[in-house]
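Colleague: Could you take me through the charged pairs in this one? Plain words, please.

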Amino acid sequence: MKILVLQLARLGDIFQTWPTLHALQRQSAEVHVLVRPRFRAAAEGCDGIRKIHEFATDVILSPVLNDARLGLQPSLEALDALMHSLDSEKYDRIINLSFSPLSSWITFELEMRAFQREKPLGTAGYTRHIDGALAIPDDASAFFFAQVGYRAQTGSTEPINRLSIPRLFATIAGVDPIEADWHGPSSPRALRAELGVPQEFIAVHIGASDEAKTLDAHHWGEVVARLVRRTGKPVLLLGATGEVEKSERILAAVETNGVSLNNDGGWNTRVLSLVGKTDVTELFGIIKKSTLLVAGDSALVQIASLVGTKVLNLSSRTVSHWETGPASTGSRIILYGGAAPAAEVIVREAESMLGATTHASVADRFVTGPIEDIVEQTNDEHADFMWQLISAIYMGTPIPKNVEKRLQNILEQWCEVQSIENHQLNSLQQNTGDARQIALILDRVVEITRLLVEAEPRLGPIERWWSTERIRLGPQPQADLIGKYQELNGRLETVLSSLREIEVRNDGQQLDI
Amino acid sequence: MKNRSEVTLAVPLNTGEHAMPDSFVVSEEAKTETEKRMLLFRLSDAAMRIREEADLIRRTGFTDQASRLMRILGEAVEEQHAALKSDRQSK
């Protein structure tokens, strides 16, 4: 089977796709990927990939950007050439792991071209219906749309979903990953980089795609100085070319904090900066060799997950550690909201991870491996309830208990609103009402439902599941659509009534959704 | 029930952080604030030019390859526009 995987996002997302690509290859698939040229390096070392294609935005857009009128046709021709070249590969399946409008249209275009060749292909991930509306063909992508992507759309910082992105990607692709699918490149270059590091050291990644996801230079300087002093291990600074200036400020801060760098420029240096000096393949080797990686929310955390290096992840609450946190066994995550954790807190945790001390851990999460069991209970009851609700809706686990009066009141109101919708749908079906009026009332039902969920955000997962399933229905004759709406509403009512009845039934209800 | 065949560019999907586009222009072409501003103008011009073709899309629908390619191009432009705007706002 020949498969094209679309991954048009950044470095970290590409690394998180590797386990899926390895799993597909285990099934003897010939896997090609479509990536952006700027992030091609992140795909190059993956053993699961047979061929890399590029969506060269600059080549495609340059003509129309240089001259909006005369450049339009050349831009369309450049795009057509890419689509033609992809279509001529004659894929059996397209797996879109990008979750963007652009990627959905590319998938659709390739589907249409294959259809016109009378060789229809299978798709997973976002695509389009024939009328241009968004199509979400598989349940895992619908889960992503409803319970993961909404955070970016609404600006929510509440990490409700607890499935990691690599495992979600695998589910969308229809493969079951095994622990061995988390591995780095086996190229001689990565091995050389690994062997080229002569001693044990702690790696520190100083950057991230967004400064809010990492520490500032002064803070890193303090952390690094204490790490060197307390663990006796050298520290290696890692980062991209754009972070060289930051690395210099960190080195200066290390000295200000009383640690001489012993700077001979080689491996005897106590704090060695390789910032801007490594390529992606070398990073794999270096991180594999490191005893510990200390990092914010960055692509290097994903590299460490692949090569099995423990990570002390300082995770900003703007990012979901469940989704993109480290996967390697023994990793720990310290969460922070406003100010980053104090240097002493970070260093004590690192010492504890290295086994040097028995300090009590302050970590918010301990990672037990890439395919660890999903954490059901934390010290955040509110988040636990919402996750258990998601789990009940999508995985058929018992519905969570909550007899709070406020929640029960909102549920009661939601059921009333639902009965209005059902009444209107029946009228539409039996042709006994003014269709335009009914359409207005149905729109109002959606608005009121959203308002109810705004008033009780814990019910958000249900509303997002319900509205996503409606989007998934796609264009069809009105009579069929009404029937599908009614069926879906029946499933919604099962969920709502189960939550309402929990008080008397005392839980244990299994939903089959 | 909404009109599903409405033609708009850059339908806001649940893109998520995982789908944030790179802005090739920010890293490779437009480094100064003036360059970025000029590029935003050029992206806006291109988006407007593509929107002018919305009538074609309405007439032919998405069974027509030209309409689909136009739509992909429109999304690519909108994506770059959004990336550049977000890049400027975050600084």
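**Salt bridges**

Modeller: Arg365(A) is buried, at 8% relative accessible area, where buried means under 20%, exposed over 50% and partly exposed in between (1.4 Å probe, protein chains only). This is a predicted model, where local features need pLDDT of at least 70, side-chain atom pairs count only at pLDDT 80 or more, and totals for chains, interfaces and linings use all residues. Residues are numbered from 1 along each chain as its sequence is written, chains are lettered from A and ligands numbered from 1 in the order in which they are written, and side-chain values use heavy atoms, leaving out hydrogens and water.

Colleague: Which residue forms a salt bridge with Arg365(A)?

Modeller: Glu372(A) does, with the closest N and O atoms 2.7 Å apart. A salt bridge here is a side-chain nitrogen of Lys or Arg within 4 Å of a carboxyl oxygen of Asp or Glu. Glu372(A) is buried too, at 14%.

Colleague: How many salt bridges are there over all chains?

Modeller: The search of the whole structure finds 33.

Colleague: Are Arg49(B) and Glu53(B) buried or exposed?

Modeller: Both are buried. They form a salt bridge, with 2.8 Å between the closest N and O atoms.

Colleague: Back to chain A. What does Glu245(A) form a salt bridge with?

Modeller: Its partner is Arg249(A), and the closest N and O atoms are 3.0 Å apart. Glu245(A) is partly exposed at 48% relative accessibility, and Arg249(A) is partly exposed at 42%.

Colleague: Which residues are linked in a network of salt bridges?

Modeller: Glu222(A), Arg226(A), Arg230(A), Glu344(A) and Glu351(A).
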